[in-house]
Amino acid sequence: MQWRALVLGLVLLRLGLHGVLWLVFGLGPSMGFYQRFPLSFGFQRLRGLDGSASPASGPAGRPGGPSGPSWMQPPVPGAAAGRRRAPRRPGPGVCGPAHWGYVLGGRGRGPDEYEKRYSGAFPPKLRAQMRDLARGMFVFGYDNYMAHAFPEDELNPIHCRGRGPDRGDPSNLNINDVLGNYSLTLVDALDTLAIMGNSSEFQKAVKLVIDTVSFDKDSTVQVFEATIRVLGSLLSAHRIITDSKQPFGDMTIKDYDNELLHMAHDLAVRLLPAFENTKTGIPYPRVNLKTGVPPDSNNETCTAGAGSLLVEFGILSRLLGDSTFEWVARRAVKALWNLRSNDTGLLGNVVNIQTGRWVGKQSGLGAGLDSFYEYLLKSYILFGEKEDLEMFNAAYQSIQNYLRRGREACNEGEGDPPLYVNVNMFSGQLMNTWIDSLQAFFPGLQVLIGDVEDAICLHAFYYAIWKRYGALPERFNWQLQAPDVLFYPLRPELVESTYLLYQATKNPFYLHVGMDILQSLEKYTKVKCGYATLHHVIDKSKEDRMESFFLSETCKYLYLLFDEENPVHKSGTRYMFTTEGHIVSVDEHLRESPWKEFFSEEGGQDQVGKSEHRPKPHELRVINSSSNCNRVPDERRYSLPLKSIYMRQIDQMVGLI
């Protein structure tokens, strides 16, 4: 019995030491109802490039640097500018010894099994089934909205009824910022009907919008949401109707007299008061569609909300030949840009529109900032204004310097896999240990600028979380290995990045990802009259809400992922998607700008008296001026890692190995 007691004592001692190490590294145990999400957090001994051990190295291999995961470490002072200028890339089909499977220390299943599971064989019949499933998902949600909710803004899919603004509680911004009593879901879904080739329903829906929707409403809405959901959709549908090539089938409307364009103009005019009476040119966050800016309006706005209006406002200006809309949107972008930190080049997430002072100093890729970066690039793609690309390049370099943590190359070298964290805009210091689901758009943006390898790696991280829970929690704490905010409102960002990565690589791995997402949505979110928000990604309880972006984006990107013959992919016209997933054709007409002199009148001085400082832009290459990225993929480079290695490392991350 003594030897048994001795063995038991040694086991308990070992467990106690592990517990002490766990606490010392600041990685306190997650709540008991969460299973372990075995990401690596830097416990492995890092090795130098020569193979020598470097037990005290920091994230950049600094002797004597801080221990712990590189995601927790600050950037190297004075060295940020050169941090990622020339990352080493693996050769074709090569995965270095520190790919995620190695770092995570999992038991590999062997490449043969993964080659079999995720090989090039995604049968055409299965692909057609997934396409039809995605179309059926859209039709089920759309038909139920029309049957039970129209003309209200949204569908409550559990109780099969409509939802409009919350008149009883004006402070309910979660509802009132979005819902304007203007049949939001119908308007937002117009171009999805066209992309799916449903000409009869598209024509019927357009006529219904023209006949029944009015913006002369006593509704206070968020300028950003009204712009991307309603203004953007009206402009997209107008372009589809008036396209002489009609690539999606006959989407013309008999006796159409530019009514959707006139409606877009009317809405934009009602949004213009947001840009008046601000000392910086940054707009108020909300307006009343009938009376203008409310007397008690908030002087604080988020960077994405104020700086992501240029695509829709720019299209409207160029279609009308009226510079007003593009001018106010571009002035807001420049005002925000001039307020960035001189030290890091980063922007915060909340700013005072009167003083230009940063109220929220967090800089990241998610809520409050995401589409600001997206629209710098997409404005350049659409309008060809060089300064938009220069701003994007400089912003992207700052993101790489201060937000990107982990090893230098995605699939090569030692250290933690790359991750983009939230930092203080002035110092670059880590502010928290969570990422939010909106950040999953970023791999898709990286595809557009040709940083495909980093996009592959980052996408794998978000998909690993999806695979773990069957959805993306609104916030995931990568230190605690558990969700911080547990709901999932049917967001499209991961689907969008999956679609764009498939278009860039043509690798069937992303078809498997799309199939997994489709099946999860069908299993966990489908209810009596549509698809419902997940209230809790673990117990899968639901909320009675189907936001309009489910039809305008989530279903659209899933459908396009599996519909290889879609005109979006086959047409000679190149297309781009707005941040709400509305399709716009890229052509020379939108690059005509007779009012260019108006956009440079502020010179190098912004409205709060701060001299403009521009870091040298990091040279990036836009690989294609369309979001569908029609180009020949380098199969040698992307096929093997995606079929075998990336799927294996994802399974290791979610504890399946």
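Colleague: Is Glu474 buried or exposed?
Modeller: In this predicted model, Glu474 has a relative accessible area of 12%, so the residue counts as buried, the cut-off being under 20%.

Colleague: Where does Glu474 lie?
Modeller: Glu474 lies in the loop between α17 (452-469) and β13 (475-477).

Colleague: Which residues does Glu474 touch, not counting residues up to four places away in sequence?
Modeller: Glu474 touches Ile435, Asp436, Ser437, Val485, Phe487, Pro489 and Arg491.

Colleague: What feature does UniProt place at Glu474?
Modeller: The unreviewed UniProt entry places the feature "active site" at Glu474, and also at Glu225, Asp370 and Glu493.

Colleague: What about Glu493: where is its place, and is Glu493 buried or exposed?
Modeller: Glu493 belongs to helix α18, which covers residues 493-505. With a relative accessible area of 11%, Glu493 is buried. Residues up to four places away in sequence aside, Glu493 touches Ser437, Leu438, Ala440 and Phe441. Ser437 is also among the residues that Glu474 touches.

Colleague: Where does UniProt place the feature "binding site"?
Modeller: The unreviewed UniProt entry places that feature at Thr579. In the model, Thr579 is found in the loop between β19 (575-577) and β20 (583-585).

Colleague: Why does Thr579 count as buried?
Modeller: The relative accessibility of Thr579 is 15%, and a residue counts as buried under 20%.

Colleague: Which residues is Thr579 in contact with, leaving aside neighbours within four places in sequence?
Modeller: Thr579 is in contact with Ile228, Ser371, Glu374, Tyr375 and Glu553.

Colleague: Turning to helix packing, how do α14 and α15 cross?
Modeller: The axes of α14 (residues 370-383) and α15 (residues 386-403) come within 8 Å, crossing at roughly 145 degrees. The crossing of α14 past α15 is left-handed.

Colleague: Which residues make the contact?
Modeller: From α14, the contact has Tyr373, Leu376, Leu377, Ser379 and Tyr380. From α15 come Lys386, Asp388, Leu389, Met391, Phe392, Ala395 and Ile399. By class, this contact of α14 with α15 has 9 nonpolar, 1 polar and 2 charged residues.

Colleague: One last topic: what should the 25 residues of helix α4 span?
Modeller: Helix α4 (residues 124-148) should span 36 Å at 1.5 Å a residue, and its end C-alpha atoms are 36 Å apart, which agrees.

Colleague: And which residues in α4 are buried?
Modeller: The buried residues in α4 are Arg127, Met130, Ala134, Met137, Phe138, Gly141, Tyr142, Asn144 and Tyr145.

Key:
Residues are numbered from 1 along each chain as its sequence is written. This is a predicted model: local features need pLDDT of at least 70, side-chain atom pairs count only at pLDDT 80 or more; totals for chains, interfaces and linings use all residues. Side-chain values use heavy atoms; hydrogens and water are left out. Helices (H or I, at least four residues) and strands (E, at least two) are DSSP runs, numbered from the N terminus. The expected span of a helix is 1.5 Å times one less than its number of residues. Buried means under 20% relative accessible area, exposed over 50%, partly exposed in between (1.4 Å probe, protein chains only). Axes are lines fitted to C-alpha atoms, for helices over the stretch in contact, and angles run from 0 to 180 degrees between N-to-C directions. A crossing is left-handed if the near helix is turned anticlockwise from the far one by less than a right angle, and right-handed if clockwise. Contact means heavy atoms within 4.5 Å. Ala, Val, Leu, Ile, Met, Phe, Trp, Tyr, Cys and Pro count as nonpolar, Asp, Glu, Lys and Arg as charged, and the others, Gly among them, as polar. UniProt positions are given in the numbering used here, feature names are shortened, and annotations may be inferred rather than shown by experiment.
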